[in-house]
Amino acid sequence: MAADVVVVGAGPGGSAAAHWLARAGADVVMLERARFPRDKSCGDGVTAHAVDILADMGVRFDDFRGKGARTFGGLIGGPSGDTFAADPPPHPSGAKVECWVVPRTLLDERLARAAVTAGAVLREEAAVAGVARRAGGLRVEYSDRSGAGTIDCKLVIGADGAHSTVAKSLGLQENPPSHLGYALRGYYEGVQGLSDKLEIYYYDKHTLPGYGWIFPAGDGLANVGIGIFVGELRRSKKKMRELLDEFLAHSPRIVERCAGAKPVGRAIGWPLPVSSAHRPTVFDNAMLVGDAASLVDPLTGEGIYTALVSGRSAARAALGALASGDASRAALRVHEREWRAEAGGYLSSGRLLKNLVKSPALLDLIIRRAAQSEYYASRAIGYGLGTLDRRRALRSIVMKAIFNPSFFKAGRRDEAMPAAGG
């Protein structure tokens, strides 16, 4: 069997790549280890900038048959128990910024079908064993129900997650512990007080910048989980399950709401390969996207948006390589330049903000200030959701440290509105 491009993995990054390739007329085969519908452990949050990309793919919230939830804004809690809630600044049109919570059993299948509708070939239950070089391109070795098989192609796009077989075939190791996190998620019924907000709680000063979350998932369900970096997990000397139980049973403002909550199914964990690892994403005849490229946001642990961005940029780079007949690493660098131009600042500033969040005192102070000012609150949510440029948040913190240090004095209430762009 032969194809122009083989995409390994049919998650958001792989399906986005296959969609844009097929829509442009390329011969693309997508190999997915599982069979749809299949679950993927995730917070299920589709932030506003990801919603915009899905719209370009023809994916709408109504496609999910009433499952999941639309959300508008967020709620942030700090180690002291203080909270604030707000919507991010609206679109220039005045429309509210919309995010989704959609179970990955539904989201990933819908995205894969969008790729198939565009003309991609999807092979399910096809486990890739490796990628080997051959004259003129690559050979992908896989096995499915029919046995072992190969596909010869000009390009491979690795979208096969944190334990990427494609990345290993290209000579890469998995992220070291300093650039790796873990998350554990479960669905619960009976969580009280669910709203249209994404709730994030930095509930334990000993695990910062780790946090717990409660997201409305529709049908009376909540997606509840925790995320933590490996270093903090090791220092806690606890298992992920213990930390999740502590979040539900001991966190201020959470205990009463979850007193009668019951799990639906089992909690599932997964690794978070964060972008601070600076993993190579371009090779001769091959590219990596999404988690396989280690593009998880260090601040929030989100990976859907960056998977979609990198999947789209990989498709565009592949189309250029097919047109020119040059699939060298140098020619494919346009993939890396494009995803960095769109999401690189978001990720790098997320890494710096994550380091600030390690300070319980600073985090509690920021939350108190946001609770006092609708302006600060709205922008804090916008920075978290990626609807505002996070680099402006960093610049604002630096400028206040230089010109308005009293802002950081916890005992002073600062009701004054900051200058525009603060």
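Helices (H or I, at least four residues) and strands (E, at least two) are DSSP runs, numbered from the N terminus. The model is predicted, so local features need pLDDT of at least 70 and side-chain atom pairs count only at pLDDT 80 or more, while totals for chains, interfaces and linings use all residues. Residues are numbered from 1 along each chain as its sequence is written, and side-chain values use heavy atoms, with hydrogens and water left out.

**View 1. Ala327 in its loop.** Look for Ala327 between helix H7 (304-324) and helix H8 (329-356).

**View 2. Who touches Ala327.** Leaving aside residues up to four places away in sequence, Ala327 is in contact with Lys154, Leu155, Phe283, Asp284, Asn285, Ala321 and Leu332; contact here means heavy atoms within 4.5 Å.

**View 3. The seven-stranded sheet.** This open sheet runs E6-E5-E13-E14-E15-E12-E16, with mixed pairing; two strands pair if DSSP finds at least two bridges between them. Strand E6 (83-86) and strand E16 (262-273) sit at the edges with a single partner strand each, so one side of each has no neighbour in the sheet. From one strand to the next, the twist averages 15 degrees.

**View 4. E12 alongside E16.** Strand E12 (residues 180-189) and E16 run antiparallel, joined by nine bridges. Gly181 stands opposite Leu272 in E16.

Conventions
Axes fitted to C-alpha atoms, helices over the stretch in contact; angles between N-to-C directions.
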